[in-house]
Amino acid sequence: PTTTTTTTTRKKISKTNDSKHIINMEGVCDKYASDIAWRYVLGLDLEETQISTGAKEYHHGKEIQRFHRAVNTYVSGALSIFAYVNIPFKILLSPPHRARKYLVSKIEERISHLEEHGPDQSILSSMVFSSDNYNDNGNSEMNKRKSSNNGNSTALEFQNTKSLSHEDVVENALILLVAGTETTSSTLTSAMYFLSLHPHIYVKLVQEQKNVINSLGSNNQEINMAFLDKCTYLDAVIRETMRIVPVSGANLRTNKDNDVILDGKLIPKGSNVFCNIRLTHELDPKIVSMENTTPTTSSMDPLLEFKPERWLNEDTKPTDDYLPFGYGPRRCLGAALAMVEMKVFLSVMTRQLETLDLVGVDIGVQNSFNVSGQLSYNMYSERFKQKKILWKPYTIIPKPLDGVPIKVSSNRRTKNM
């Protein structure tokens, strides 16, 4: 999905970059993740169209805005108490239910289109035409039938070989749509916030982009998987962000077989076991501070312990207890897509903007750099000791309370990239 994702990212960031006003990056990240969802996951066509009314021209994107609102409303419904309280007619009247109804209608419309016209490149299409009848070359029975019918076969001829029912496709598409959107949006919002708090780390990201482009040749600036694989520091920044704010907050499993004694505690057969992933990350024995901090400092403190460098050293790199997307059969379905989306977004962002100016957070680091551009850690940590990040309540993944307001001007664009 890198081509589609890159195009969408550039559109979002170019609009931000051309503005001289304060931009809240939380909104940019939300719309970016939602756009990828309807473009790539569902394969919908919700493009904005330019409409002229006399001397005025404006962009009309009501359907896109409605889609964004529906996704956000449906996600918020999962955290509402009304989702779990049995109130007559409350489901049918609730905004989350109406949002779900709208999203399901868009999914079913697209399924009907695919069944009539055949597969496309969307994830929804791969589920609609999922089948056990694939040969070693990855060709499906559908392709064979098309070949034998001069390419005129429709998806209806493929229905007997499907592995997923219509309901399966709709529900899985809904999970990917909502979970994937929230996963990417929230993690990118936190990443942008952490990078704004640690400008020296953002500078390293900018420099890495330049170095990788130079190593591949200045004429080869396409963001593809080969390019992203070379961006090791970018990967470390995303992994460190998810270490502190993991996508999956917990794993819930049932002990089905026998009584189990774990660390001296009895877990009876049939018991539900709740695993706190954030606490698991915090207690990872290989997560050690790279500087001397007070005994009360948590390795999950993004002000003092956001250190992507730990991922570049085997001695400090987290162990297999690192589980940001969960673990096992219920691991986040959109994990691979989310990683690509986030890498592409930050790659384009660092090519467009050399610095981030976070508005409303006085961290006093502007004059804390030495001649070589390195930040004095002692000065840095002293300024942060009395600071505390406030998070939004009732979100699946933590987001900064005030979002990520940054000031952007066109002269901030990177050159020769």
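Helices (H or I, at least four residues) and strands (E, at least two) are DSSP runs, numbered from the N terminus. The structure is a predicted model, in which local features need pLDDT of at least 70 and side-chain atom pairs count only at pLDDT 80 or more, while totals for chains, interfaces and linings use all residues. Residues are numbered from 1 along each chain as its sequence is written, and side-chain values use heavy atoms, with hydrogens and water left out.

The secondary structure of the chain consists of 14 helices and nine strands. Of the 417 residues in the chain, 44% are buried, where buried means under 20% relative accessible area, exposed over 50% and partly exposed in between (1.4 Å probe, protein chains only). A contact is defined by heavy atoms within 4.5 Å. Among contacts between residues at least 6 apart in sequence, 72% join residues at least 24 apart.

The largest nonpolar core has 86 residues. Such a core is a set of buried Ala, Val, Leu, Ile, Met, Phe, Trp, Tyr and Cys residues joined through side-chain atoms within 4.5 Å. The members that touch the most other members are Met25, Leu42, Phe67, Leu124, Met192, Leu195 and Phe345. Helix α8 gives the most to this core, with 13 residues. In soluble globular proteins, nonpolar side chains tend to be buried together.

Helix α8 (residues 166–197) also packs against helix α3 (residues 62–77), their axes coming within 10 Å and crossing at roughly 90 degrees. The two helices are therefore roughly perpendicular. Axes are lines fitted to C-alpha atoms, for helices over the stretch in contact, and angles run from 0 to 180 degrees between N-to-C directions. Angles under 35 degrees count as roughly parallel, over 145 as roughly antiparallel, 65 to 115 as roughly perpendicular and the rest as oblique. On the α3 side, Phe67, Val71, Tyr74 and Val75 meet Leu174, Leu177, Val178, Thr181 and Glu182 of α8. The residues of this contact comprise seven nonpolar, one polar and one charged. In this classification Ala, Val, Leu, Ile, Met, Phe, Trp, Tyr, Cys and Pro are nonpolar, Asp, Glu, Lys and Arg are charged, and the others, Gly among them, are polar.

Leucine 177 is also 7.8 Å from tryptophan 38, C-alpha to C-alpha, although the two are 139 residues apart in sequence. Tryptophan 38 lies in helix α2 (residues 25–41) and is buried, with a relative accessible area of 0%. Valine 344, in helix α13 (residues 335–352), is likewise buried at 0%.

Glutamate 240, in helix α11 (residues 232–244), is buried because its relative accessible area is 0%. A polar atom of the glutamate 240 side chain lies 3.0 Å from the backbone nitrogen of lysine 307. Not counting residues up to four places away in sequence, glutamate 240 touches Glu305, Phe306, Lys307, Pro308, Arg310 and Trp311.

Histidine 281, in helix α12 (residues 277–282), is buried at 2% relative accessible area. The C-alpha atoms of histidine 281 and tyrosine 322 are separated by 6.0 Å.

Aspartate 263 is found in the loop between β5 (260–262) and β6 (265–267). At 76% relative accessibility, aspartate 263 counts as exposed. Although not a glycine, aspartate 263 has a positive phi of about 55 degrees.

Key: A polar contact is a pair of N or O atoms within 3.5 Å; within protein, one must be able to donate a hydrogen and the other to accept it, and residues adjacent in sequence count only if both atoms are side-chain atoms.
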